[in-house]
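Work through the exercises below with the model open. Each task is followed by a stepwise solution.

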Amino acid sequence: MRRSGILLHVSSLPGRYGIGSFGKEAYRFVDKLKAAKQSYWQILPLGPTSYGDSPYQSFSTFAGNPYFIDLEMLIEEGLLTKKECESTDFGSNPKKVDYKKLYEGRYELLHKAYERAKIFENEAFKDFVYENSKWIWDYALFMALKDYFNGEPFTSWPTDIRDRYDYSINYYREKLYFDIEFYQFLQYKFDEQWKKLKAYANENGVEIIGDIPIYVAMDSADTWAHPELFQIGEEGKATAVAGCPPDGFAPDGQLWGNPLYNWEYHRNTGFKWWIKRLKKNFEWYDVIRIDHFRGFDEYYSIPAKDKTAAGGHWEKGPGIELFNRIKEALGDCRLIAEDLGYVTDSVRRLVNDSGYPGMKVLEFAFDSRDTGNANDYLPHNYVRNSVVYTGTHDNETVMGWLNDITEKEYNKVLEYFNLKKGIKHTEVCDAIVRGAVGSVSDTCIIPIQDYLHYDHNYRMNTPSTIGKNWMFRLTDKEMSDEVWKKIKYLTELYGRVR
């Protein structure tokens, strides 16, 4: 079945209080998707962000980001006042998230809401904590401890709590009781609001494509509570970390810093943790894109002491065994394999054996910096069981990319799409979008920036950089009726109506 959708993270939605949320603007976006005949809303990971504000570096693989809790809903519940929210400084630019001010102001408001909620009297809250007890106690204690130790990574905590001695866990659970309950309250409100929004989307024919990173953050509740899952040595420190080898985009490679998995342990436990992780995420998403899928075939291992990724090497991952076990436990999961970059025959074989659709990125068909096979990304070589994108959150917007590629590469774009020299970049951008929507791929996802002809200033993320990423936001006036009509027209023209 041919379907299409739009990539826009929750943080990028319009809204009054510094960042997109699960509030009325999200419901309005769903309404627009429905009217434009879209089947999917693709978002980035929903986990609580840590250093660098990246959704791919989260304090927990099971928890949700409290920033997305809608403050207006809390006002309606009587937990906050409009005056309190409007007097909080979330930054002056409605088109960018100011994470520093968000951190300083949002949690203060959320704490007021918690104090007024009398959550200990709420039976639904108690049920939620019980149903999620396998992860929420560790996560809430981890976050309370981070506050207590002034944000220091857990590897810097006193040995007794860093290494989770029983007496120390009991001591801090009692000492930080209300801080722990606060973080559990945030997860309860996140889950409540998100599931209502997802249900509304589903009722209106829109499914959610979620995204989970292959790896977890080094400083996370996951690594602190379960070091046995990872390649972690003494003092809770990683012995080897994840990344990517050097390529045309990053001469020294990409040093992500995430701890690598102890795949032997996962195999010996029947991949129980992975099954639990996916089961939880399928409560939030209808379809899941797994980032860096090639890491399940082979993963790039970098000594933890190294300053760049250049000295890393490839090691074998769990392969199809993991996905066979997932299928046995969860049935036919709707997964998307992010199989981009340097793809070997064994990676292709894993994707084919899994049956999951792989990804096609049109920019990669013409960009010599990409380490993949350019022919794989030319539309005439696509297969139906695939998901096509113009670009992803890690790539330039099409408009920015057109200004960045070489003259030779640009001329190849013109030739492929039968365009004349001297044509406006906006028209080239539209042709590339048409190339994606009109391709044979069963699913087509277009980043919202490409429908809007936005340039590099609206890029979501530049890998291996910090301080200026994940900030992109829309305002309520940018998505005009004309843009939505264009999206609907292309969807109908190329037979992607849901």
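α6 and α9 are oblique to each other. The exercises start from that pair. The model is predicted: local features need pLDDT of at least 70, side-chain atom pairs count only at pLDDT 80 or more, and totals for chains, interfaces and linings use all residues. Residues are numbered from 1 along each chain as its sequence is written, and side-chain values use heavy atoms, without hydrogens and water.

**Exercise 1. Classify the packing of α6 and α9.**

Step 1. Two packed helices are described by the angle between their axes and the distance between the axes.
Step 2. Locate the helices: α6 spans residues 133–148 and α9 spans residues 177–203. Helices here are DSSP runs (H or I, at least four residues), and strands are E runs of at least two, numbered from the N terminus.
Step 3. Read the geometry. The angle is about 125° and the axes lie 8 Å apart. Axes are lines fitted to C-alpha atoms, for helices over the stretch in contact, and angles run from 0 to 180 degrees between N-to-C directions.
Step 4. Apply the classes: under 35 degrees is roughly parallel, over 145 roughly antiparallel, 65 to 115 roughly perpendicular, the rest oblique. The pair is therefore oblique.
Step 5. List the contacts (heavy atoms within 4.5 Å). On α6 they include Trp135, Trp137 and Met143; on α9 they include Ile180, Tyr183 and Gln187.
Step 6. Sort by class: 10 nonpolar, 2 polar and 2 charged residues.

**Exercise 2. Which residues of α5 are buried, and which are exposed?**

Step 1. Set the cut-offs: buried is under 20% relative accessible area, exposed over 50%, partly exposed in between (1.4 Å probe, protein chains only).
Step 2. In α5 (residues 123–131), Phe125, Phe128 and Val129 are buried.
Step 3. Seen down the axis, these buried residues fall within an arc of 95°, so they line one face of the helix. The arc is taken over directions from the helix axis to the C-beta atoms.
Step 4. On the other side, Glu123, Tyr130 and Glu131 are exposed.
Step 5. The cover over the buried residues includes α6 and α9.

Terms used:
Nonpolar A, V, L, I, M, F, W, Y, C, P; charged D, E, K, R; others polar.
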